[in-house]
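Thanks for asking me to look this one over.

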Amino acid sequence: MPFSRLATVTTPTAHIGLGLAAVGRPGYINLGREADLGEDRSVDALRTRTHELLDAAYAQGVRYFDVARSYGRSEEFLADWLTARPGVTDVVVGSKWGYTYTAGWSADAETHEVKDHSVQTYDRQRAETAELLGDRLDLYQIHSVTPDSPALTDKELHARLAEAAATGLTIGFSTSGPAQADAVRAALAVTVDGEPLFRTVQSTYNVLETSAGPALAEAHDAGLTVIVKEGMANGRLAAPHAPDAVRAVAEETGLGCDAVALAVALRQPWAGVVLSGAATVPQLASNLHAAVVDLDADQLTRLAAVTEDPRTYWERRGSLAWH
């Protein structure tokens, strides 16, 4: 598996990945994004920003990069960066299919992405991803699986994915919504010819939303690599939006709220990779401090007190505006 490459990297940041959701398109739901990106959100401006982030991440030991078909031009930006740096051969690249980007490079579009887990969408988007990333793609994930997703029961799709796995591509899935744990457990039961189909799972887990934790532990025990997304809760755990408990612990550690929030995810024994969604190089540097945050039992207890009911959390996330 490509993630075995991460096991040989000894830098503390090896288990932090960089996701390009926030910089691959002009509109996203992260809080504070207006200040992060400024007014120039042209293709060239975001391409340059993405390459600067990738350079900084790689220089500081990050070796997993995460994109998706629906993240605007994220695959294209990453592909350009890889092509310009042929010596970079030790990274793991993951992408996702299942959402189609429909915003036309506008932050004000009525609809930014459309979800479809059909075989037809897989075939189309797999070809689109292959055209950009070619054999640099290590991991292909079904984007945002929920318990009612047809991707969990479509045998034809499973056969297609198994064919891709037979060529060396790792097959995984991501989850979203208040029933993430149910989706993870359902996906663990999917087999093709008696063998488990999925080798990775990417789920939302953060100080505010911890409900998937037990299921992710089960996935880890079953041999899957667990990737944590939205560790910053789309900016809700960054200053100045962070709850008082997070701010207090950050002050005690001398580091940022973001580093504390990501450190909580990193310390989970089942977490293989925790994603940074930084939009600026200083944000990335602050995020990477998570690898050295040492939280004591009292601090962890205080942080656990801010956890929300999953439905409340996801209703709040669903109300966030695209900026």
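1. A word on the source. This is a predicted model, in which local features need pLDDT of at least 70 and side-chain atom pairs count only at pLDDT 80 or more, while totals for chains, interfaces and linings use all residues. Residues are numbered from 1 along each chain as its sequence is written, and side-chain values use heavy atoms, leaving out hydrogens and water.

2. Overall build. The chain holds 13 helices and 12 strands (DSSP runs numbered from the N terminus: H or I of at least four residues for helices, E of at least two for strands). Its radius of gyration is 18 Å, close to the 20 Å from the globule rule for 323 residues, so the chain is as compact as a globular protein of that length. That radius is taken over C-alpha atoms, and the rule is 2.2 Å times the number of residues to the power 0.38.

3. Burial. Of the 323 residues, 55% count as buried, where buried means under 20% relative accessible area, exposed over 50% and partly exposed in between (1.4 Å probe, protein chains only).

4. The main core. The largest nonpolar core has 87 residues, and L18, F65, L78, L161, F173 and F198 have the most contacts inside it. Helix 10 (residues 257–266) gives the most to this core, with 8 residues. A second, separate core of 8 residues includes F3, Y64, L139 and L275. A core here is a set of buried Ala, Val, Leu, Ile, Met, Phe, Trp, Tyr and Cys residues joined through side-chain atoms within 4.5 Å.

5. Helix 4. In this helix (residues 74–84), the buried residues are S74, E75, F77, L78, A79, W81 and L82. Their cover includes helix 3 (43–59), strand 2 (64–66), strand 3 and helix 5 (119–133). Beyond four places in sequence, L78 touches L20, L54, F65, V67, V93 and L133, a contact being heavy atoms within 4.5 Å.

6. One to click on: S95. This serine is in strand 3 (residues 92–97) and counts as buried because its relative accessibility is 0%. Leaving aside neighbours within four places in sequence, S95 is in contact with residues including V67, E75, L139 and Y140.
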